[in-house]
Amino acid sequence: MGDGRRERERMRGILHALRQLGDRVRGVVSRGRVTRVDAAADGRVQGLQVQAGSAVHDRIAHLQPYGLAAVPLPGAEALVVWAGGQRESGIATVVEDRRGRPRLEPGEVAIYHGRTGAMVLLRADGVIELDGPVRVTGDLEVDGNVTAGGDVSDSAASMAADRLIFNAHIHPTPDGPSGPPTSQMGVGA
């Protein structure tokens, strides 16, 4: 009978260890809400404060894909991986904010700003769309045509203003003006 009792105690010990292991495995990944962001400008990894359930966790490292950087807004959702299931060292691997996510068609990819709606959209048909003001601080080279739905300007004047001046000019001849101005530069402003 002693062997049966030892076997039951051994089985209880194994079941207890399996329950503990299951609890740790279930605790490896959790989902929470970003409540604060430490967007360190000195090259350190961005830190998040995340509320997961009723607990608030500070100093969650927000690892981001190479070449992309973002500062999430409070209220965004974070997927946190906990090393060894321990809640002392968390890493936010994905932070997402449904509040401003654009609706995309199958095959499309977007970089977007959830609050302002500005977006770079890589459409499924290969066209790249920019929605929002665009500022270029370096040189801009274009190998194809440039089409504008509005006026084109530089630091001196706009194309529309230059067109008005050009189209109104008259060529003098020895017999007087050459006649009424002609629209040689296209339709005016």
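This is a predicted model: local features need pLDDT of at least 70, side-chain atom pairs count only at pLDDT 80 or more; totals for chains, interfaces and linings use all residues.
Figure 1. Residues are numbered from 1 along each chain as its sequence is written, and side-chain values use heavy atoms, with hydrogens and water left out. Strands (E, at least two residues) and helices (H or I, at least four) are DSSP runs, numbered from the N terminus.

**Figure 2. β6, β7 and β8 form an open antiparallel sheet of 3 strands, in the order β6-β7-β8.** Two strands pair if DSSP finds at least two bridges between them. The edge strands are β6 (109-112) and β8 (128-131), and each pairs on one side only. Neighbouring strands here are turned by 10 degrees against each other on average, direction ignored. That angle is taken between N-to-C directions of lines fitted to C-alpha atoms, on a scale from 0 to 180 degrees.

**Figure 3. β7 (residues 119-122) pairs with β6 in the antiparallel sense over 4 bridges.** Isoleucine 111 stands opposite valine 120. The hairpin of β6 and β7 has 6 residues between its strands. Within this hairpin, glycine 117 takes a positive phi near 85 degrees.

**Figure 4. β7 also pairs with β8, antiparallel, over 4 bridges.** Here valine 120 stands opposite leucine 130.

**Figure 5. β2 is flanked by two antiparallel partners, β1 and β3.** β1 (residues 29-38) is joined to β2 by 5 bridges, and valine 34 stands opposite valine 50. On β3 (residues 55-62), 6 bridges reach β2, and isoleucine 60 stands opposite leucine 48. The hairpin of β2 and β3 has 2 residues between the strands, and its glycine 53 takes a positive phi near 70 degrees. Of the 7 residues of β2, 6 are buried, so the strand is largely enclosed by the rest of the structure. Buried means under 20% relative accessible area, exposed over 50%, and partly exposed in between, with a 1.4 Å probe and protein chains only.

**Figure 6. The largest nonpolar core holds 9 residues: Val34, Leu48, Val50, Ile60, Ala76, Ala78, Val80, Trp82 and Ala92.** Such a core is a set of buried Ala, Val, Leu, Ile, Met, Phe, Trp, Tyr and Cys residues joined through side-chain atoms within 4.5 Å. β2 (46-52) and β4 (77-82) each supply at least two of its residues. β4 gives the most, with 3 residues. Alanine 78 touches Ser30, Arg31, Gly32, Val34, Val50, Val94 and Val95, leaving aside residues up to four places away in sequence. Contact means heavy atoms within 4.5 Å.

**Figure 7. The protein chain as a whole has 2 helices and 10 strands.** Its pattern along the sequence is α-β-β-β-β-β-β-β-β-α-β-β. The radius of gyration is 32 Å, well over the 16 Å that the globule rule gives for 189 residues, so the chain is more spread out than a compact globule. This radius is taken over C-alpha atoms; the rule is 2.2 Å times the number of residues to the power 0.38. The C-alpha trace spans about 130 × 35 × 25 Å along its principal axes. Buried residues make up 17% of the 189.
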